[in-house]
Amino acid sequence: MRILKERQVSACECAYRLCHLPLRSGSRKCILLNARLPDQRYHVVKFKDDKAIAYCANIFERYEKRPKDDKHKNMCLLEFAMNYEPYYRNRAYEPDEDIDADADTGVPPRRQRRELIVLEDASKMALRNIPAAVRTPYFSVHNDAENYFYSLLVQYVPFNKESELLERYPNSRDAFLDREKKFFGDENPFLSSIRERSNQLENAFRQAQALEILQNLEDYVPEEIPEEEVPVLNMTDEQFRDAQNAMNVQQRELLNIITRGIENQMRGDSSRFLIFVTGGAGVGKTFTFNTLKEKVNKYI
């Protein structure tokens, strides 16, 4: 094998290569989307004759140059990165089902006809056979709120120029909260499809669990959850301010409605109202009620 003349390899690697076994494989490719603020990203420099001439194009620039037809105009950056990759005419593409670029099988790669799109600068992007898994940097709303909200904006809000995301806004948090209704609403078809799939899976798991209980009803014993006394931990003023800043529009609206109702009752208003609050696990119900409790204890 040609590669054995170029570098030393272990016995295990030799055995794999001689048997034409892939050294690595995966069901789909995994890519990194550096969704932090533009001035904090790294760039790859392009050289010519040992001189830096420009920066290499990245996914953000290619996304801005995407076709503005009905299919791609409202496509968010995350969906674009999942489904498309740069196309180079003389490059032999490896299939998404097997990403072993080093395997030498002696058989030339089979060229697959793939759908191409032409960008505004005449470069091309190829549709992936299988959507890629996208990784993004992790940001905490408490430690780095600016990058946290900007990461959500740049991934899910369609744009023609990235600078549009923060126009007329002093920071990314205000830009995100102003777009939140549209951001999570039905106007974003990609998010709507993801939400629908998630609901279908959740309902399927619940139905399967209920069916299993019905089939073994005589063996079913309801789980008794012991009630534990939860210690009361009061927030500091700084923690309370951070909690209020982290609330979304719906949580803040609920907080204001309840506090106004309590204040009106303290002034002698005899009217009462009932509010039913529901939501799946992790949506922020406990967080909202804890913040409400702190506001009542501190300021009412």
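Asp49 is exposed in this predicted model, with a relative accessible area of 67%. The exposed class begins over 50%, so a value of 67% places Asp49 in that class. The residue is found in the loop between strand S2 (45–48) and strand S3 (51–55). Although Asp49 is not a glycine, its phi is positive, at about 55°.

The two strands that flank Asp49 form a hairpin with two residues between them. S2 and S3 run antiparallel and are joined by four bridges. Within this pairing, Phe47 stands opposite Ala52 in S3. S3 is hardly covered, and the count of buried residues among its five residues is zero.

A positive phi is also found at Arg168, a residue other than glycine, where the value is near 70°. Arg168 lies in the loop between H5 and H6. The side of the chain at this position is likewise open to solvent by the area criterion: Arg168 is exposed, with a relative accessible area of 72%.

A further set of strands forms an open sheet of three, in the order S4-S6-S5, with antiparallel pairing. Strand S4 (84–86) and strand S5 (116–118) stand at the edges; each has a single partner strand, so one side of each is left without a neighbour in the sheet. Neighbouring strands of this sheet are turned against each other by 35° on average, direction ignored. S4 and strand S6 (residues 124–127) run antiparallel and are joined by three bridges. Pro86 stands opposite Met125 in S6.

The largest nonpolar core holds 26 residues, of which Leu77, Phe80 and Val154 touch the most other members. Two or more residues of this core come from each of helix H2 (59–64), helix H4 (77–83), helix H5 (145–156) and helix H6 (172–178). H5 gives the largest share, five residues. When residues up to four places away in sequence are not counted, Val154 touches Ala35, Arg41, Phe60, Leu77, Phe159, Glu162 and Leu165.

Technical notes. Residues numbered from 1 in each chain as written. Predicted model: local features only at pLDDT ≥ 70, side-chain atom pairs only at ≥ 80, totals over all residues. Heavy atoms only, no water. Core = buried A, V, L, I, M, F, W, Y, C linked by side-chain atoms within 4.5 Å. Buried < 20%, exposed > 50% of the residue type's maximum accessible area, 1.4 Å probe, protein only. Contact = heavy atoms within 4.5 Å. Pairing = 2+ DSSP bridges. Axes fitted to C-alpha atoms, helices over the stretch in contact; angles between N-to-C directions.
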